[in-house]
Amino acid sequence: MNPFFRKLRWLTQRRNKEAELLEELQFHIEEEAGQHQAEGLAEEQARWAARRELGNLTLLQENTRAMWGWTILEQLRQDLRYAFRTMASKRLFTFLAVSSLAPGIGANTAIYSFTNSILLRSLPVSDPASLTRAELAQ
Amino acid sequence: MRREPPSRVELLQGTLDLLILRTLLAGPAHGHAISKHIQRTSEDLLLVETGSLYPALHRLEAKAWVAASWDLSDKGKRARFYRLTPLGRKQLAVEQSKWEAFCRAMGLILNPVDQEGQ
């Protein structure tokens with residue numbers, strides 16, 4: 001399968017993948033603990049040693065998740081959610097921002113389209129460059 | 001029992017993929033087994049950090065060089081087994097010859113046998 005479609009499928013099975021990763025890492029810790037136990041550590045100590053060796057679990061999960069792709073998309077989604085939540089909670093600020101930006105953008109657009117039609121759009125003839133101006137000299 | 005081997009070599013950037021692919025040539029294995037195999041085979045000189053092993057495995061899976069499936073481990077627990085895909089096998093050949101060329105070049109520079117005699 002094409003890598004793009006694999007990643008797309010992973011995106012739809014996000015929750016599953018998360019659980020799988022956790023189970024995979026859990027298995028790693030158990031194996032490691034089992035090995036420490038075989039080397040003579042007590043069960044509790046073996047588990048702690050295995051857990052310590054793994055290091056920062058969240059960071060590891062995050063780094064692995066990054067390999068599934070879509071990190072940029074995920075972050076964009078988070079940013080958008082954050083933006084809309086902030087806008088929803090700060091109504092007055094949102095109102096002021098919108099009511100100052102909207103007329104500004106609207107007025108600009110209106111003036112530009114006016115200028116465009118008057119100054120910039122070419123004359124309604126087939127070859128405007130060949131037009132000449134003639135005046136009668138006195 | 002030796003807890004800390006006398007010296008340990010830092011894994012060079014980009015070599016972990018090659019080590020993983022080569023390890024899987026012997027057959028499917030789960031993450032822990034791969035890490036232990038690399039450590040044992042290198043006579044404890046190379047230690048694969050778990051923090052880089054799993055991202056690497058998932059990266060290789062995304063590139064379709066390895067495929068993963070759940071299976072029972074030798075102790076009867078569910079584990080995620082990785083196996084080499086035909087694409088991975090091809091990539092292994094490429095990476096290995098690249099690495100060997102690199103080693104040869106390093107050797108030529110570090111031990112210039114022919115030139116120094118003159």
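This is a predicted model: local features need pLDDT of at least 70, side-chain atom pairs count only at pLDDT 80 or more; totals for chains, interfaces and linings use all residues.
**The contact between the chains**

Chain A contributes 25 residues to the contact and chain B contributes 24 residues. About 2300 Å² is buried between the two chains, and carbon and sulfur atoms give 54% of that area. On the chain B side, the residues that lose the most area to chain A are B:H32, B:Y54 and B:H58, which together make up 24% of what that side buries.

Six salt bridges are counted between chain B and chain A. One of the residue pairs joined by a salt bridge is B:R80 with A:E24, where the closest N and O atoms are 3.9 Å apart. The side of chain B that touches chain A draws at least two residues from each of α2 (31-41), α3 (50-62) and β3 (78-84) of chain B. The largest share, eight residues, is supplied by α3(B).

**B:H32**

B:H32 sits in helix α2 of chain B. With a relative accessible area of 4%, B:H32 is buried, because the limit for that class is under 20%. The side chains of B:H32 and A:E32 are joined by a polar contact of 2.8 Å. Apart from neighbours within four places in sequence, B:H32 is in contact with A:H28, A:E31, A:E32 and A:Q35 of chain A, and with B:Y54 of chain B. B:Y54 is also one of the residues named above for the area lost to chain A.

**Helix α1 of chain B**

Helix α1 of chain B spans residues 15-24, and eight of its 10 residues are buried, so the helix is largely enclosed by the rest of the structure. The buried residues are B:T15, B:L16, B:D17, B:L18, B:I20, B:L21, B:T23 and B:L24. Their cover includes the helices α2, α3 and α4 of chain B, together with the strands β1 (29-30), β2 (66-72) and β3 of chain B. Of these covering elements, α2, α3 and β3 of chain B also supply residues to the side that touches chain A.

**Aromatic pairs**

Over all chains, the structure holds two aromatic pairs. In chain A, the ring centres of A:F4 and A:F5 are 5.5 Å apart and the ring planes stand at 75°, so this pair is edge-to-face. The pair in chain B, B:W99 with B:F102, is tilted, with 5.4 Å from centre to centre and 35° between the planes. B:W99 and B:F102 both lie in helix α4 (residues 86-110) of chain B, three residues apart, and are therefore separated by about one helical turn. An α-helix has 3.6 residues a turn, so residues three or four places apart point the same way.

The table gives the relative accessibility of each paired residue.

| Residue | Relative accessibility | Class |
|---|---|---|
| A:F4 | 46% | partly exposed |
| A:F5 | 47% | partly exposed |
| B:W99 | 32% | partly exposed |
| B:F102 | 39% | partly exposed |

**Charges over rings**

In chain A, A:K17 lies over the face of A:W10, at 3.9 Å from the ring centre. In chain B, B:R78 lies over the face of B:W70, at 4.5 Å from the ring centre.

Notes. Residues are numbered from 1 along each chain as its sequence is written. Chains are lettered from A and ligands numbered from 1 in the order in which they are written. Side-chain values use heavy atoms; hydrogens and water are left out. Rings of Phe, Tyr and Trp (its six-membered ring) pair if their centres lie within 6.5 Å; planes under 30 degrees apart count as stacked, over 60 as edge-to-face and the rest as tilted. Buried means under 20% relative accessible area, exposed over 50%, partly exposed in between (1.4 Å probe, protein chains only). Helices (H or I, at least four residues) and strands (E, at least two) are DSSP runs, numbered from the N terminus. A charge sits over a ring if NZ of Lys or CZ of Arg is within 6 Å of the ring centre and within 35 degrees of the ring normal. Contact means heavy atoms within 4.5 Å. Buried area is the accessible area (1.4 Å probe) that two parts lose on being put together, summed over both. A salt bridge is a side-chain nitrogen of Lys or Arg within 4 Å of a carboxyl oxygen of Asp or Glu. A polar contact is a pair of N or O atoms within 3.5 Å; within protein, one must be able to donate a hydrogen and the other to accept it, and residues adjacent in sequence count only if both atoms are side-chain atoms.
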